[in-house]
Amino acid sequence: MRRALWILAVLLSHWRRHPMQLATLLIGLISATALWSGVQALNQQARNSYDRAAAIFGGARTPMLVASDGKMLPQSVFAELRRAGWPVSPVVEGRVQLDGHSIRLLGIEPFSIPREVGAAPRVGRSELEAFLTPPHRTLISPETLADLGLKEGTAPRLSNDALLPPLMAQQQLAPGVLVVDIGDAQRLLGKQGQISRLLVGQTPGKREPLKSFAGGRLQLVQPEAETDLERLTDSFHLNLTAFGLLSFVVGLFIVNSAIGLAFEQRLPVLRTLRACGVSARQLNSVLIGELVAFALVAGLVGLVCGYIIAAALLPNVAASLRGLYGAQVPGELSLRPEWWVAGLAISVVGALAAATTSLIKAMRLPILSTAQPYAWQEAQRRWLKLQSAAALAFFVAAGLLLWLGQSLLAGFGVLAALMLGAALLLPAILEIVLRLGERGARAALAQWFWADSRQQISGLSLALMALLLALAVNVGVATMVETFSRTFLVWLDGRLAADVYISAADEAQARDIQAWLRTRPEVRAVLPGGRAEIQLAGAPIDVLGLPDHDTYREHWPLLQAGSDAWKQLVRGDGGFVSEQLARRLHLAIGDWIDIPAPTGDWRINVAGIYADYGNPKGQVTVNVAALTRRFPATPITRMAVRAAPADVPGLIAALTDRFGLDGRNVVDQATVKQESKQIFNRTFAVTGALNTFTLGVAAIALLTSLLTLANSRLPQLAPLWAIGLTRRRLAEVELLKTLSLAGLTALLALPLGLMVAWCLIAIVNVKAFGWRLPFDVFPLQLIRLLIVTLVAALIASLLPVLRLARMQPAQLVRTFTIER
Amino acid sequence: MLNIRHLTKSYRSGGEPVKVLRGVDLTVAAGERVALTGESGSGKSTLLHLIAGLDAADGGDILLEGASIGTLDDAARAAIRRERLGLVFQQFNLVPSLSVADNLNFQARLAGRHDPAWHTELVERLGLKPLLKRYPEQLSGGQQQRVAIGRALAVRPSLLLADEPTGNLDEDTADEVMALTRDLVARTGCGFLMVTHSARLAAMLDRQVHLHAGRVA
């Protein structure tokens, strides 16, 4: 053990003498771990919330009995089933309006709840009495309590004037849900004697067949592995994960570069250790131990940084998930211990992966080889051909995935293969370009400039590859976001053609509002609409009812339409489907779909396909009158109003005064558009932040590579100084060389980035969200990124260049005198 | 103490086997100082590397204090190098990131045999006291080689092996280093086998063994 510690001390002494190299290694590991675990923290936080939501008293996690016709069940069926040996527990569910918020209300029967519903909040023994005895209690999550601005113990009044039992906060409860005793729920929802479903426990025993209950209307629904929310948000999280992975890989480029260089510099020491009696096994064990120790330390720091990054991005992510998917994600991070363990593990695994080649070399280290401290750079040259061959293999893989792949994962596979192939090919392309430059050079210094730049490629190749990847992703994502932004704005104008949007508390209020609006001279049209939710081909679908009006006929963002599309809608036998639904179900104009409605299947002809960006759910648009015929229970509480823009503020003020509506129930077009743009911007703010981080990590990779190479470059620079070039001139040439290499890399990154953008638009978006944007190029954006790259390269090279400019002549002279 | 019998070794060069050692027999007694001379390519360094267990022989046997080096695995050969041998190279092979003091202790600490009194004596005899806090790059060639000799002897080896230890030094410095080495070898009582091209330095030792075409001439 003492020997191992002494060997470790000897190995560690290298870093003491080369602190910049150690900093490089740690920065690489910290950046990789921080960005990866930051993204994982965001994903975990969101998934925890979905789990909480799904696990509320069964939800999608517990088997349940429902009515096969989708209607309520009589409460008597609960008693019948219990008597027949079924371990069931009744649940009533509905929505209530509280202070302008629409909130899910669940009624439970705590005595019969199956034990397996373990993830659900439990009503403790001390609280059970309060929950069951008047005035009862309403369980609510602390987040919802805060959102509503209410305090524990208060008994708020609902919009229908009913009084909720006093509120009691429950930490485990998902936000946006109120839980009361089943009797209270039936009273509050006006569903006396009815239940929505029955949770089924797993108690073994003989059970009578279901056919004999409720007139054979009962249907057993098995628990789902994945909830609707998880399905819908999968793409969002996959995108985040892809970014995290990219940042992680860029970070590992730095680690690989630092470890590779350190290994080559330590080769003589490793051989001396072996010569002085350290066995190969012990040396390798200590080398791995050293690396794992670094990875653990850097991993811990990286986790703290990842936590900070996640905490900074969480509000935007939560807003995006709420805006896009209606998912409630608390704004404060609460991470499980697994996250910390996984973060440390990924740091260790990443470090070992980045050090694989060095460790294999150490294991095969012949003691007698001549020490070659900088052989690494030369070895890199030998890898050039192998790298180019690997690049071609990646391009072939990208082509095959593009041709054969169908999934979103295959889409990301195409992107990854394309980028890795391009990164591996970069040194070879730079070599060719610089060789051409060398051939064209006439002056001695120019010739040296090109030749020396070529020699530097091997040392800088990893950093330049990281820069290429970061830039290409920046170009790709920026192009996609800009395209999306422009398309989205045009689309918003089409979707939000009316001037005021109203959401009434109930149908009675909706009728009053409509009647009142029709008496107002400034109102040009009142357009009532409705919405029903169904399941189609295993996924949730919205059926949207629109009135027949010019507002929609002129503005609805139809991508394709049949000749009498709007007439079909009015007749009720035609409908429009959203682009994502059309792609998912392979629907074209003229196809038929069967909509499951309470009145029986509703056969609809696809009369048009329209853009519905940002909506994770599929959507079918029909005439509102046809919708109410087929879905009689659908409340028509929403309406759009046409009015002259100048009259809108006055109209909204009058509506607010007369009907007690507030900003949540009545909004003007400009506000809705503003909110939609905010959701859009917040969604891409996360992407933008990760983009910037990745570019930052690439700049660090360049800086650290330049710093670690700076000392080894002295033997190349000292002779030039000796024959008459000033240190300042040498520094200028060095700066120019770095900028040239970075500039060349950036130029190569532009076409690669556009290919990435095309992949994102034509493959990833289509597979992830179901819609495709037009592909546009924005030259000004590309020029801006090119300038940013050069500035980043300038900053990265400034420190080593300034050091060179200020270097003492004695240091340069030593290059000639040190015995090598 | 060292007994070599019929040692053979060949390398492949350009696909062809090249016989470097063709059956070497050699003994070195405890406390004996032997110079190994011969023209370039005669196999001097190869023989030294085989004795040190840095490479494996094709045939024959090397017995160090009765233990056959050829039959040992890597870990056991490493243990012999660590505890019973001292190695001095032409290139010094100091650890650049360790101070002179730490370089001196280097092998002794690996072997778990650090002896502070012996360390102090070595420092004084080698004249390294004012240099202890320096790093190898701050030393001259002669100073670096003195540290390397100190490192090799700090473990009180049974046998000191030196491969052209003065090859990088000027004549005066080489003489000075040789004199120090002879004194210290005598002080420890270990055997000493030195590869050298220099007839003058070889003459300073007890016995000379000349290698020619892979055999003891």
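Which residue is the bridge partner of His212(B) in β10(B)?

## Basis of the model

This is a predicted model, in which local features need pLDDT of at least 70 and side-chain atom pairs count only at pLDDT 80 or more, while totals for chains, interfaces and linings use all residues. Residues are numbered from 1 along each chain as its sequence is written, and chains are lettered from A and ligands numbered from 1 in the order in which they are written.

## The sheet of chain B

The partner of His212(B) is Arg215(B), and 2 bridges join β9(B), residues 207–212, to β10(B), the two strands running antiparallel. Both belong to an open sheet of 6 strands with mixed pairing, ordered β6-β7-β8-β3-β9-β10 in chain B; strands here are DSSP E runs of at least two residues and helices are H or I runs of at least four, numbered from the N terminus, and two strands pair if DSSP finds at least two bridges between them. Because β6 (85–88) and β10 (215–216) of chain B each have a single partner strand, they stand at the edges, with one side of each left without a neighbour in the sheet.

## Contact between the chains

The contact takes 22 residues from chain A and 24 residues from chain B, where two residues are in contact if their C-beta atoms, placed from the backbone, lie within 7 Å. On the side of chain A that touches chain B, the elements giving two or more residues are α1 (2–17), α7 (228–275) and α8 (280–325) of chain A, and the largest share, 8 residues, comes from α1(A).
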